[in-house]
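Biologist: Hi! Could you walk me through this one?
Modeller: Happy to, let's have a look together.

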Number of protein chains: 2
Amino acid sequence: MNNTNKPQPTAALLIIGNEILSGRTKDANLNYLATNLGLMGVRLKECRVVSDDESAIIDAVLALSKANDYVFTSGGIGPTHDDITTACIAKAFGAKLERNAEAEARLRKHYKPEDINEARLKMADIPLGADLIDNPVSAAPGFILENVYVMAGVPRIMQAMFDGVKHRLKGGAVTLSHTLSATVTEGFIATELGEIQAANPLVEIGSYPFIRDGKLGTSLVSRSTDKAALETVLTQLRALVQKHNAIILEDA
Amino acid sequence: MNNTNKPQPTAALLIIGNEILSGRTKDANLNYLATNLGLMGVRLKECRVVSDDESAIIDAVLALSKANDYVFTSGGIGPTHDDITTACIAKAFGAKLERNAEAEARLRKHYKPEDINEARLKMADIPLGADLIDNPVSAAPGFILENVYVMAGVPRIMQAMFDGVKHRLKGGAVTLSHTLSATVTEGFIATELGEIQAANPLVEIGSYPFIRDGKLGTSLVSRSTDKAALETVLTQLRALVQKHNAIILEDA
């Protein structure tokens, strides 16, 4: 089945947080989003990680919003002084930030009345004109403004928010992916591999060296929205590694 | 000991590779570099992940090079068609790409004579004027051009390259970091926490919610190059969480 005539929208991820850039926290959102956008036929083109700095956030979100169909942000929407993402997104797009009645209602339903305070209600300040993104974990919503989807940084919450909002994204042709791993090092096959790539422009072939159980090998990852073109490449790649007497470790 | 008068150089990381953006591979280089630069007093200000695309790589490396003291790149310096980083860096800075005698000698020493081929020798093509970065794992060197440090993407090799080159970096004041984790949720302490932050501009206080053994809590991370200022903040933070009857889980 050929589905190459359905173009792939592009997306970017903006990760906001000093804790990622200081090394304290390992990001887990890039891989989750990359994988799940791929399943929908949306191509993640770029990711940026910036600190909790107003001009860094504004510059990055405007650049990424202009260059892509969708931008996702993660981090910086909590109640504390270092949570400045919402205010920055509002400023970036010249939108007024005001208390959102629906967001406030959700927070008041989630917290006991005596636990509601001004800091928590700050999480109900949402740019005017934005749509809310549900937060089934801890109530405080994300939001969508222009083509920017503003989500929490905590992976469990980010994933729940993405699951709740992905039906709104327009997917494209889904990229089919195949991995052929074999016990041959890149250098032996590089020239012929380049020829196969040149002859098959509908398929993107990536070559990744690995060391497994002390043995060197290469994973050849073929990606395409065209199944027939992908099959043609796979036949050629299998012949290539067999010619070099390699053992195929993975073909799926 | 106060070492705030030694400024911190800034750095950026540019990760190059379709495999990260497709979700196939989880990046491990950002966290390694963030942690190790921090130990030297170099502040990682930004990270970008771009695909194996010439203009994306060139645009990103020039922007990051201009804005930072150091840029590190990872990925795309192998022998295959999708390894285009070296050529892009040369083009970005208008440097001629030519066979480097020292790099070629290292490859010829590493491989058996019959295993040397043009694809592998491509890894000895280095921009004119660049310094080589040792690769103790698989011989093919990285290089330094202008303020850009070009390294392999495979974490083991990237780490070995960084270890070999870090003595060339000029470090700054080392940031001291302290984490105070307690069983109080962010919303209860956010207002007072903001006041402590405002009163202590030499310390950067980050607030990170967590769920541990089913219990909600907050990690307060204080970072500063000024030990006395950090101690002042820690005293105030301990008093803050104790006022809220929180149990301190981590104070180190």
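**Helix packing**

Modeller: In chain A, helix 2 and helix 7 cross in a right-handed way, right-handed being when the near helix is turned clockwise from the far one by less than a right angle, and left-handed when anticlockwise. Helices here are DSSP runs of H or I with at least four residues, strands are runs of E with at least two, and both are numbered from the N terminus.

Biologist: Before we go on, what kind of model is this?
Modeller: This is a predicted model, where local features need pLDDT of at least 70 and side-chain atom pairs count only at pLDDT 80 or more, while totals for chains, interfaces and linings use all residues. Residues are numbered from 1 along each chain as its sequence is written, and chains are lettered from A and ligands numbered from 1 in the order in which they are written.

Biologist: Thanks. At what angle do helix 2 and helix 7 of chain A cross?
Modeller: The axes of helix 2 (residues 29–39) and helix 7 (residues 155–165) of chain A cross at roughly 20° and come within 10 Å. Axes are lines fitted to C-alpha atoms, for helices over the stretch in contact, with angles from 0 to 180 degrees between N-to-C directions. That makes helix 2 of chain A roughly parallel to helix 7 of chain A; angles under 35 degrees count as roughly parallel, over 145 as roughly antiparallel, 65 to 115 as roughly perpendicular and the rest as oblique.

Biologist: And which residues make the contact?
Modeller: From helix 2 of chain A they are A:Asn29, A:Tyr32, A:Leu33 and A:Asn36, and from helix 7 of chain A they are A:Pro155, A:Met158, A:Gln159 and A:Phe162. Contact means that the C-beta atoms, placed from the backbone, lie within 7 Å. By class, this contact of helix 2 with helix 7 of chain A has 5 nonpolar, 3 polar and no charged residues. Ala, Val, Leu, Ile, Met, Phe, Trp, Tyr, Cys and Pro count as nonpolar, Asp, Glu, Lys and Arg as charged, and the others, Gly among them, as polar.

Biologist: Over in chain B, how do helix 3 and helix 4 cross?
Modeller: The axes of helix 3 (residues 54–67) and helix 4 (residues 85–92) of chain B cross at roughly 55° and come within 9 Å. That makes helix 3 of chain B oblique to helix 4 of chain B, and their crossing is right-handed. Helix 3 of chain B brings B:Glu54, B:Ile57, B:Ile58, B:Val61 and B:Leu62 to the contact, and helix 4 of chain B brings B:Thr85, B:Cys88, B:Ile89, B:Lys91 and B:Ala92. By class, the contact of helix 3 with helix 4 of chain B has 7 nonpolar, 1 polar and 2 charged residues.

Biologist: Changing topic, what rotation superposes chain B on chain A?
Modeller: A rotation of 180° does it, with 0.0 Å of shift along its axis and an RMSD of 0.0 Å. That is the relation of a two-fold axis. The superposition is by least squares on the C-alpha atoms of residues with pLDDT of at least 70 in both copies.

Biologist: Which C-alpha of chain B is nearest the axis?
Modeller: That of B:Arg48, 2.2 Å from the axis.

Biologist: How many residues does each chain give to the contact between them?
Modeller: Chain B gives 44 residues and chain A gives 44 residues. Among the elements of chain B that each supply at least two residues to the side touching chain A are helix 2, strand 2 (43–50) and strand 10 (204–212). By class, that side of chain B has 14 nonpolar, 17 polar and 13 charged residues. The copies meet through the same surface, because 100% of the interface residues of chain B are also interface residues in chain A.

Biologist: Nice. How many helices and strands does chain A have?
Modeller: Chain A has 9 helices and 12 strands. Of its 252 residues, 48% count as buried: a residue is buried if 20 or more other C-beta atoms lie within 10 Å of its own, exposed if 12 or fewer, and partly exposed in between, with C-beta atoms placed from the backbone.

Biologist: Last one: is A:Asn245 buried or exposed?
Modeller: A:Asn245 is exposed, with 10 other C-beta atoms within 10 Å. A:Asn245 sits in the loop between helix 9 (227–243) and strand 12 (248–251) of chain A, and its phi is near 55°, a positive value in a residue other than glycine.

Conventions:
Two residues are in contact if their C-beta atoms, placed from the backbone, lie within 7 Å.
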